[in-house]
Amino acid sequence: MKVLQVLWSTGTSSGVSNVVMNYYRNINKDKVQFDFLVLSLPSNSFNNEINELGGVVYKFTVPGIRTYFKTLKDLKEFFKEHGKEYDIIHCHEILVAKMVFKYARKYGNVKCISHSHNTKLSEKPIRAIRNRILVRGLAKYSDYCFACSKEAGQNAFGKKIINDKKYKTIYNAINLDNYTFTSEGRKNIREEFGLQDKFVLGNVGRLCPQKNQKFAVEVLKELLKSRQDARLLLVGPGKEESGTLEYVKSSGLEDYVVFTDSRKDIGELLSAMDCFVFPSLFEGFGIALLEAQANGLVTLCFENMPEEVMILDNLHSLPNEANSEQWAEVIRNIAIIEDRKRYIDILKDKGFDIVRQAKNLEDIYNEIINLYI
């Protein structure tokens, strides 16, 4: 079986591409093979790994006022040449799903899946209105509708979709063992960044307005009023373009905040932290929260996070209107967890292990194909 995954990009800093790659690494590639059709080809990508796993990456033009017809031409030419190669089109970029499906169906015998990964269509009101128009009727245009959470599904496909037989929630599962707490990892990271005797707040994710890392800086500022050993470790790209670095400088906190770009040793970085702060404004799922819980970290977020990711007793949700002072007060009063390794087995039992979920996705693909034989 061959599945075409349609994404914005295969960039290593993209949450969606990381989710898809987690499944690709663990699915039975003797039975299911992926290719990728993307809108962007960033320098830091999974393309080499995709090629090693047997997949191919193709690109088409980002649609816009000036490029709309070029996008249609690209899709027409691609599916005219490759359409018959695929059994399923799995589209994670729902804003282009309709035009992708149009040509996929015209030139191939495929089943089309739309997959929603977020609970908002945009951070900006005008774009949200435009995007709402683009996804209107998408459920009817899709053979199947997937989402990483119920809220993400309802956002893209409407409130009634949850009860539709063609809807499925697909967990953003991870290799849980990669995020197990290790004393050695904690020691190594703390030595690398000079944090040996510090109380470390941490956040992992692309620095951007949605992820709201500036609020994490404000929490640090409040916490420093009572404990001068507090530090903030921000892991992920975007410190300049998001304005986070400038905000840290203007707040006089350069000596208290550590930035890293994207890293592969996330489990060790989490192990170095004492508390994970995740003030994201909205998420389809919030995979960073899952990783932090797996590591046994005390974890804080706003209560607007999807219920599917609010799993363990080491996660604490605060009201959406809570300010940084209230977050800092909660952190001051939370007891640090001693046995941080005990959470992995709980998450495996709850279905968040990628090995089990990759087999589940394989079964779903087979079910879709067999229904139409």
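Analyst: Seven strands form an open sheet in the order E3-E2-E1-E4-E5-E6-E7, and their pairing is parallel. Strands here are DSSP runs of E with at least two residues, helices are runs of H or I with at least four, and both are numbered from the N terminus; two strands pair if DSSP finds at least two bridges between them. The edge strands, each pairing on one side only, are E3 (57–59) and E7 (167–169). From one strand to the next, the twist averages 25°. For such angles, axes are lines fitted to C-alpha atoms, for helices over the stretch in contact, and the values run from 0 to 180 degrees between N-to-C directions.

This is a predicted model, in which local features need pLDDT of at least 70 and side-chain atom pairs count only at pLDDT 80 or more, while totals for chains, interfaces and linings use all residues. Residues are numbered from 1 along each chain as its sequence is written, and side-chain values use heavy atoms, with hydrogens and water left out.

Within the sheet, strand E1 (residues 2–9) pairs with strand E4 (residues 88–91) in the parallel sense over 4 bridges. Leu4 has Ile89 of E4 as its bridge partner. Helix H3 (residues 68–82) packs on the sheet and touches E1, strand E2 (33–40), E3 and E4, and its direction makes about 165° with that of E2. Contact means heavy atoms within 4.5 Å. Helix H7 (residues 150–157) also packs on the sheet, where it touches strand E5 (111–116), strand E6 (144–147) and E7; the direction of H7 makes about 115° with that of E5.

The structure holds 1 cavity of 30 Å³ or more, a cavity being a set of points on a 1 Å grid over the protein atoms alone where a 1.4 Å probe fits but cannot get out. Lining residues, which have an atom within 4 Å of a point, include Gln5, Phe34, His90 and His115. Helix H1 (15–26) and helix H15 (354–371) each supply at least two residues of this lining, and the largest share, 3 residues, comes from H1. The lining divides into 7 nonpolar, 5 polar and no charged residues; Ala, Val, Leu, Ile, Met, Phe, Trp, Tyr, Cys and Pro count as nonpolar, Asp, Glu, Lys and Arg as charged, and the others, Gly among them, as polar.

Technical notes: On a 1 Å grid over the protein atoms alone, a cavity is a set of points where a 1.4 Å probe fits but cannot get out, and a pocket is an open set with protein on both sides within 12 Å along at least five of seven lines; lining residues have an atom within 4 Å of a point. Grid points are joined across faces, edges and corners, and a volume is the space filled by probe spheres set on the points.
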